Amino acid sequence: MKKEYREAVLKALDSTKEQKTEILTEADIQHLPGAVKKYLLLTGVVGKEKVMNFRAEFMGGIRSGPGEKYMSLRSVQYNFIKDLTRIFHIVAKKMGIPAVGNHIYRDQKAIMLIKILGLFTVSDAKGWQMDQGETVTVFNDMCFIAPASLIDKRIEWKEIDAKSVSARFTNGGISVTATLFFNVKGELVNFISNDRFETTDGKSYNNYPWSTPVISYADINGYHLPSGAKLIYKHPDEDFCYGEFRLVSLEYNCRDYR
């Protein structure tokens, strides 16, 4: 699993080795809704390099059903913006038994493979629900982890009011929508989409609203960014929080694998 992840990252890094970075200016953000412009200025991305890719590490917990205890987890991912790619590797433990997983999104296709002890497959998800759902995840990553990428021409913005906007994000033949919510300071505090699917085994899918409320902000490498969030599906009877993540490290415009 780790080898597959590493090979996917190296291939993506190789495809971007000739990309050059530019500085994000205030002129670049003038077309954005007021709340999004305020957010980008608050995060400190203006005046720094535009984001070509990023590497992020998280710690936290995850579970597959209400009432279950959280499994401790650690994850690492690389995202690439131009040719939209997300390569995510996770290691979790439940009752001391390790599970490893890869989520890979590239060429508008997504897979999720999870194995117990690295040997026994418990989830092998693929298909249009995964493709669409991971497009939502990639856009969510852009919003929270790489705000500089929100100037992307694949995003259509619509202002709702001073503290909320709707967005339509299109990657090739897949379009997804989300609503973004900001607080009075200008921080992005929630993201809600109806275009992501819940699955635990890759066989059955449920289409519930998906939200990622922020629980903390931190100053990271000269940026003011979300540092912790919950992952919630809004079930008909109650909200199901299936994960909590805390940002451990973040690096923009990576040239090498680590």
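I began with the largest pocket, where helix α3 (residues 128-144) gives the most to the lining, with 8 residues. A note to myself before going on: this is a predicted model.

**Entry 1, the largest pocket.** I looked up the volume of the largest pocket, and it comes to about 1,100 Å³.

Next I turned to the second largest pocket, with a volume of about 440 Å³. It is lined by 17 residues, and the closest to its centre are Lys-50, Val-51, Ile-81, Ile-151 and Asp-152. How does the lining of the second largest pocket divide by class? I noted 5 nonpolar, 4 polar and 8 charged residues.

I stepped back to see the fold as a whole. The protein chain has 3 helices and 14 strands. Its radius of gyration is 18 Å, close to the 18 Å that the globule rule gives for 258 residues, so the chain is as compact as a globular protein of that length. I also took the span of the C-alpha trace along its principal axes, which is about 50 × 45 × 35 Å. Of the 258 residues, 53% count as buried. For contacts with a separation of 6 or more, I found that 51% come from residues 24 or more positions apart.

Strand β2 (residues 71-80) pairs with β3 in the antiparallel sense, over 9 bridges. How many residues make up the hairpin that joins β2 to β3? The hairpin runs through 4 residues. On to the next pairing: β3 and strand β4 (residues 97-106) run antiparallel and are joined by 9 bridges. Here I marked Ile-90, whose bridge partner in β4 is Gly-101. I checked how covered β3 is, too: 7 of the 10 residues in this strand (residues 85-94) are buried.

Is Ser-75 buried or exposed? Its relative accessible area is 3%, under the 20% cut-off, so Ser-75 is buried. Leaving out residues up to four places away in sequence, I listed what Ser-75 touches: Ala-56, Glu-57, Phe-58, Phe-88, His-89, Ile-90 and Phe-245.

My last stop was Pro-226, found in strand β13 (residues 223-234). With a relative accessible area of 9%, Pro-226 is buried. What does Pro-226 touch, residues up to four places away in sequence not counted? I wrote down Tyr-39, Phe-144, Val-214, Ser-216, Tyr-217 and Leu-247. I also looked up Val-189: it is 37 residues from Pro-226 in sequence, while the two are 8.3 Å apart in space, C-alpha to C-alpha.

Methods. Residues are numbered from 1 along each chain as its sequence is written. This is a predicted model: local features need pLDDT of at least 70, side-chain atom pairs count only at pLDDT 80 or more; totals for chains, interfaces and linings use all residues. Side-chain values use heavy atoms; hydrogens and water are left out. On a 1 Å grid over the protein atoms alone, a cavity is a set of points where a 1.4 Å probe fits but cannot get out, and a pocket is an open set with protein on both sides within 12 Å along at least five of seven lines; lining residues have an atom within 4 Å of a point. Grid points are joined across faces, edges and corners, and a volume is the space filled by probe spheres set on the points. Helices (H or I, at least four residues) and strands (E, at least two) are DSSP runs, numbered from the N terminus. Ala, Val, Leu, Ile, Met, Phe, Trp, Tyr, Cys and Pro count as nonpolar, Asp, Glu, Lys and Arg as charged, and the others, Gly among them, as polar. Buried means under 20% relative accessible area, exposed over 50%, partly exposed in between (1.4 Å probe, protein chains only). Two strands pair if DSSP finds at least two bridges between them. The radius of gyration is taken over C-alpha atoms; the globule rule is 2.2 Å times the number of residues to the power 0.38. Contact means heavy atoms within 4.5 Å.
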